Amino acid sequence: MNDMPTQCLSSFPANPTNAVEAVDTVLRYAASLGASDAHFDPRPQDLWIRLRIDGELEPVGTLPRRLHEEIIARLKILSGVRTDLHAVPQDGRFRITLNNVDYNARVSFMPTYRGENAVIRLLSVEPAAQDTFAALGFTPEHVLMISRALAAKNGLILVTGPTGSGKTTTLRVCLGLKAAEPLSIMTLEDPVEYEVPGVRHVHIRHAQGVTFGAGLRAALRQDPDVIMVGEIRDGETAHTAVHTALTGHLVLSTLHTTSALESILRLIDMGVEPYLIAATLHLVISQRLVRVTCADCAGQNEFCVSCRGSGFRGRYVMAEVLSIDDGLRQLISSRASLQTMREYVLSSGFRTISEDAGEKVDWGVTSRAEVSKVLAA
């Protein structure tokens with residue numbers, strides 16, 4: 001592990017005496033670095049510890065192999081899953097306080113050739129103070145467009161992008177703003193990641209037959225004003241979400257598409273009639289996360305401890321925000337091609353995610369190489 005940052009090694013006990021000490025050390029260190037995930041990967045000679053920091057998976061240390069089974073057992077006890085099952089995947093969760101901050105820890109156990117692997121996702125219980133659209137990286141123009149869409153009494157708002165592009169955080173900010181109003185708000189999620197005060201969160205359980213589509217139909221009997229559907233994955237959910245938006249509810253959801261306009265075609269591919277999309281869709285946000293240039297060593301020849309020698313600290317949103325106007329609604333209803341719709345929105349002043357990224361490079365927020373890497377993924 002020659003590529004391991006040397007400053008990380010001193011944060012681990014050289015010879016932890018037990019699994020409790022080892023788990024506590026890893027999680028506290030992960031929280032101190034703002035890591036989203038901690039990986040416990042068994043190898044023949046040791047237990048490899050890696051942390052996902054600002055979207056990058058970094059090796060940070062090793063623990064003695066003799067502690068592997070005890071560490072897995074400790075994590076299973078904390079997570080409330082069966083300790084006697086070793087050959088099947090299991091998922092659990094627990095709450096923990098690290099460095100005076102409360103976290104929800106979501107744990108996945110997976111049997112591998114070398115033994116059980118564990119990955120812990122750390123989610124702060126309280127939204128960060130900086131979690132606003134502007135602080136996430138959205139431009140003032142974007143913020144205005146999103147705010148206008150959220151002010152609607154009904155309709156559909158979509159957030160798109162690949163896994164790890166910050167969609168959940170963007171939706172959390174949306175829900176936080178709506179929760180400040182006297183509204184009935186429900187979410188359907190798999191799993192529930194962040195709790196927002198004033199919002200009723202529902203955990204989708206596919207094994208028990210509680211799918212997004214079924215959950216959404218049941219949620220409509222709970223007198224909601226706003227419903228957030230964690231992800232539109234299939235035709236049933238797409239149809240139900242659109243009809244829910246059509247009948248007086250504001251619906252927020254996500255799709256896995258690479259651009260805002262492609263979300264329209266994705267809904268059509270799922271079997272939703274174009275005229276229904278045109279009637280309900282208000283806004284589509286397509287986003288990615290790019291690492292931010294470290295403020296402590298920017299412009300210097302050497303990197304610093306603050307960014308662990310990477311030159312980056314934190315992440316920022318690159319986005320394109322598509323507002324559905326009357327002209328685009330007509331094109332959607334007439335089943336216009338993607339190219340025709342693209343030409344129309346560009347002529348109307350639509351700014352692509354590449355343009356937004358280029359502007360942030362010009363501001364010195366990030367590097368051109370970093371942008372190219374993220375957009376190529």
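Predicted model: local features only at pLDDT ≥ 70, side-chain atom pairs only at ≥ 80, totals over all residues.
Strands here are DSSP runs marked E of at least two residues, numbered from the N terminus.

Start with Leu47. Is Leu47 buried or exposed? The relative accessibility of Leu47 is 0%, so Leu47 counts as buried. The cut-off for buried is under 20%. Now look at what surrounds Leu47. Set aside residues up to four places away in sequence. Leu47 then touches Phe40, Asp41, Pro42, Gly61, Thr62, Leu63, Arg65, His68 and Ile71. For a sense of distance, turn to Thr352. Leu47 and Thr352 are 305 residues apart along the chain, and their C-alpha atoms are separated by 44 Å.

Next comes Asp46, which is also found in strand β2. The relative accessible area of Asp46 is 10%, so Asp46 is buried. Leaving aside neighbours within four places in sequence, Asp46 is in contact with Asp41, Thr62, Leu63 and Arg65.

Follow the chain past β2. Asp54 lies in the loop between β2 and β3, and β3 spans 56-64. Asp54 counts as buried, because its relative accessibility is 17%. The backbone here deserves a look. Most residues other than glycine have a negative phi, and most peptide bonds are trans. Asp54 has a positive phi of about 50 degrees although it is not a glycine.

Where else does a residue other than glycine have a positive phi? Asn99 does, with phi near 55 degrees. Asn99 is found in the loop between β4 (90-98) and β5 (101-112). Asn99 has a relative accessible area of 38%, so Asn99 is partly exposed.

A cis peptide bond joins Asp190 and Pro191. Its omega is about -5 degrees. Find Pro191 in the loop between β8 (185-189) and β9 (200-203).

Now move to the helices. Two packed helices are described by the angle between their axes and the distance between the axes. Take α2, residues 19-32, and α3. Their axes come within 9 Å and cross at roughly 70 degrees. Angles of 65 to 115 degrees count as roughly perpendicular. That is why α2 is roughly perpendicular to α3. Which residues of α2 and α3 make the contact? From α2 come Ala19, Val20, Ala22 and Val23. From α3 come Glu70, Ile71, Arg74 and Leu75. By class, this contact of α2 with α3 has 6 nonpolar residues, 2 charged residues and no polar ones.

Stay with α3, which spans residues 68-79 and holds Lys76. Lys76 counts as buried, because its relative accessibility is 1%. Which residues does Lys76 touch, not counting those up to four places away in sequence? They are Val81, Arg82, Thr83, Leu85, His86, Gln90, Phe109 and Glu116.

Helix α7 covers residues 212-219, and Ala214 lies in it. The relative accessibility of Gly213 is 0%, so Gly213 counts as buried. Ala214 is partly exposed, because its relative accessible area is 24%. Look at contacts again, not counting residues up to four places away in sequence. Gly213 touches Glu236, Thr237 and Thr240. Ala214 touches Gly209 and Glu236. The C-alpha atoms of Ala214 and Glu236 are separated by 8.8 Å, and these residues are 22 apart along the chain. Gly213 and Ala241 are 28 residues apart in sequence and 8.1 Å apart in space, C-alpha to C-alpha.

Finally, look at empty space. Rolling a probe the size of a water molecule over the atoms shows where empty space is left. How much space lies in the second largest pocket? The answer is about 240 Å³. The second largest pocket is lined by 15 residues. Nearest its centre lie Met145, Val321, Ser348, Gly349 and Phe350. Three elements each supply at least two residues of the lining: α5 (140-150), β13 (312-323) and α12 (338-347). The largest share, 4 residues, comes from β13. By class, the lining divides into 7 nonpolar, 4 polar and 4 charged residues.

How values were computed: Residues numbered from 1 in each chain as written. Heavy atoms only, no water. 1 Å grid on protein atoms, 1.4 Å probe; cavity = no way out; pocket = protein on both sides within 12 Å on 5 of 7 lines; lining within 4 Å. Points joined across faces, edges and corners; volume = space filled by probe spheres on them. Nonpolar A, V, L, I, M, F, W, Y, C, P; charged D, E, K, R; others polar. Buried < 20%, exposed > 50% of the residue type's maximum accessible area, 1.4 Å probe, protein only. Contact = heavy atoms within 4.5 Å. Axes fitted to C-alpha atoms, helices over the stretch in contact; angles between N-to-C directions. Parallel < 35°, antiparallel > 145°, perpendicular 65-115°, else oblique.
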